[in-house]
Structures are given as C-alpha cells and as structure tokens.
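Q: I would like a close look at one part of this model, the sheet. Please keep the account plain.

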Amino acid sequence: FHRPVMPGERITARAELESVTAGFQVGGVDYVVKPFQADEVRSRVATHLRLNRLTRELREKNLALEARTVELSAEIARRRQVETALEQADATLTAISGLEAERWDLSGLIGSSPAIRKLIADIRQLQQFAHTSVLILGESGTGKELVARAVHHDSARAKGPFVPVNCVAIPTELAESMLFGHVKGAFTGATADRRGYFELAHGGTLFLDEIGDMPAALQVKLLRVLEDGCVTPVGASQPRKVDVRIIAATNADLDARITAGTFRADLYFRLARYVVSTPALRERPEDVPLLATHF
C-alpha cells in the first residue's frame, strides 16, 4: 500500500526481498504477503487511512502554529519598539525638566481681565496646597496644561518632576503598564522592569490630560491609586507607595458623561478637590491687545 498513491504502483504476488525493498523505495509504507486474508487487508487499509488523516491534521496544526509564531514575533517587536520609545521619552523628559522650570510660571498667563485675574488667584492658592487634587475644565486651546504647569512651578513640588500624560494617546492594551509600570516577564515583550508614569512623577505632579476619555476599566484602577496612594505594576505581587499630586484636565462635559455612565462619579469627586476653569478668549476680549503685543 502506498501513501500517497504513486504512479506505477502494483500489487504483486512475488515475495522476494528485492521486490519489497523496491516497493518501499518508490514510496510504499506497508506490504502484505500473499495469500492474504481480507480482514487483514481491510485492517491495514483503515490503519493507513487513519495515519494519513492524522498526518494531515498535524501538518495543518503545524502551519497554524507557524502563523501564530509569526504573529507573536511581530507583537514582541512592536512592544519592544513601544518600550524603546517610552524609554527615550523618559530620558527626554528628564533632560528638559530644568528648562521647563524656567518657562512655566505665572508670567506665561497674559491678560488683565477679571477671568484671568481669578485664574491667577486660583493658581496662587493651589500652589500653597501641594497635595490637593485639581480638575481643570475648559475648551481646547484655553491653556489647561499651562495652568497645570503654573500650579506645579511655584509649589512645594517644584523640584520634583512634572509628568504630562495624554489619556487619549495611551494604547488600550498598554494603558495599565504605562501608568503603573510592569515587571520583567509580565507579558509578551516585557523584557525588563519599567516604572510607570506614577512612579516617574514621584515627589512631583502627574498631569492627566483629556481625563474624560479614559477607558472605564482604567478609571477603576486610577480610583484605587487615588484612594490608597499605592500602585501595583503589572505582574508584581506587592504594591509600591507613590507621592504624587494629580492634576487632571478635560474639555468634556463630565456631568453629562457621569449621567451617561461613561465616567465614574466617585472618580470625579476624587479628582475635583479643587476645580479651575480656563476661560475662552471670547470671554475676555479685553486681553486680545495684550496677547497681540506679547506675541
């Protein structure tokens, strides 16, 4: 019997050893010496059909395994690229921290309107309370990050890092790792321990921009950190204490999102210990000449 069937195969009554050898050389897998029993032939045929089926299934599984291996290799390469980019970003952040300290003070807030005067008064008050969480509300382009940096600049945390994080830009699958860190081997591509944004901001300020767009699952984990002041890196068994001031910002209507169930009310109240609103330029037209002169 041959598997697969080869051209020129034949059944022969010859039992010589050279005939058997020749049969195997052209692809034979078994032989029956005549005279044979029908039951024996049927049994052997069934066996080889079963072996053929199992071989085909094994080949298909091997192909699927090879394809999955290629996918995993690509995922590992992608995660390594992300890790490298994050390490470079951390290094850049450290390098420019001294320059940032010289740029982001109250002198960056240009204007004399009542809205700006109130904003400056709020910032000065917040500079005196280095542990108070702050929520900055305002439209895009109204200077929410400028306000956050000014709050940090002249506070007791000024010598610590200011770490800005755009919540919208965090990849969902890496969000927990980027915020809280991970240990080596925690997931595919985690080739070394890495500190998250909370640990990078230890002793300073963590600015969470676009907080209104943070995924619901991550909101729960953020709330836990705000409650106990500890982070647990992905893959770690023990939490780590962090001393971080949280300043969050959003242009979203959080009241509406709380009502819709897309933003947690308990997280809102943790973040909004003090609420600051950044006015749009149309609300302070008297500042336009001052801004034009400045720029």
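What pLDDT does the chain average, and what percentage of the residues score at least 70? Then, in which order do the strands of the open sheet lie, and which strands stand at the edges?

A: This is a predicted model, in which local features need pLDDT of at least 70 and side-chain atom pairs count only at pLDDT 80 or more, while totals for chains, interfaces and linings use all residues. Residues are numbered from 1 along each chain as its sequence is written, and side-chain values use heavy atoms, with hydrogens and water left out.

The average pLDDT of the chain is 84, and 87% of the residues score at least 70; pLDDT is the predictor's confidence in each residue, from 0 to 100. Among the elements of the chain, strand 1 (residues 134-137) has the highest mean pLDDT, 97, and helix 1 (residues 17-25) the lowest, 70. Helices (H or I, at least four residues) and strands (E, at least two) are DSSP runs, numbered from the N terminus. Over residues 1-10 pLDDT stays under 50. Where pLDDT is low, the predicted coordinates should not be read in detail.

Five strands make up an open sheet in the order 2-3-6-1-7, with parallel pairing; two strands pair if DSSP finds at least two bridges between them. The edges are held by strand 2 (162-166) and strand 7 (274-277), each with a single partner strand, so one side of each is left without a neighbour in the sheet. From one strand to the next the twist averages 20°, where axes are lines fitted to C-alpha atoms, for helices over the stretch in contact, and angles run from 0 to 180 degrees between N-to-C directions.

Strands of a sheet pair through backbone hydrogen bonds, either parallel or antiparallel.

Strand 1 has partners in strand 6 and strand 7. Strand 1 and strand 6 (residues 245-250) run parallel and are joined by four bridges, and the link from strand 1 to strand 7 is also parallel, with four bridges. L137 takes part in both pairings: its bridge partner in strand 6 is T250, and in strand 7 its bridge partner is S277.

Terms used: Contact means heavy atoms within 4.5 Å.
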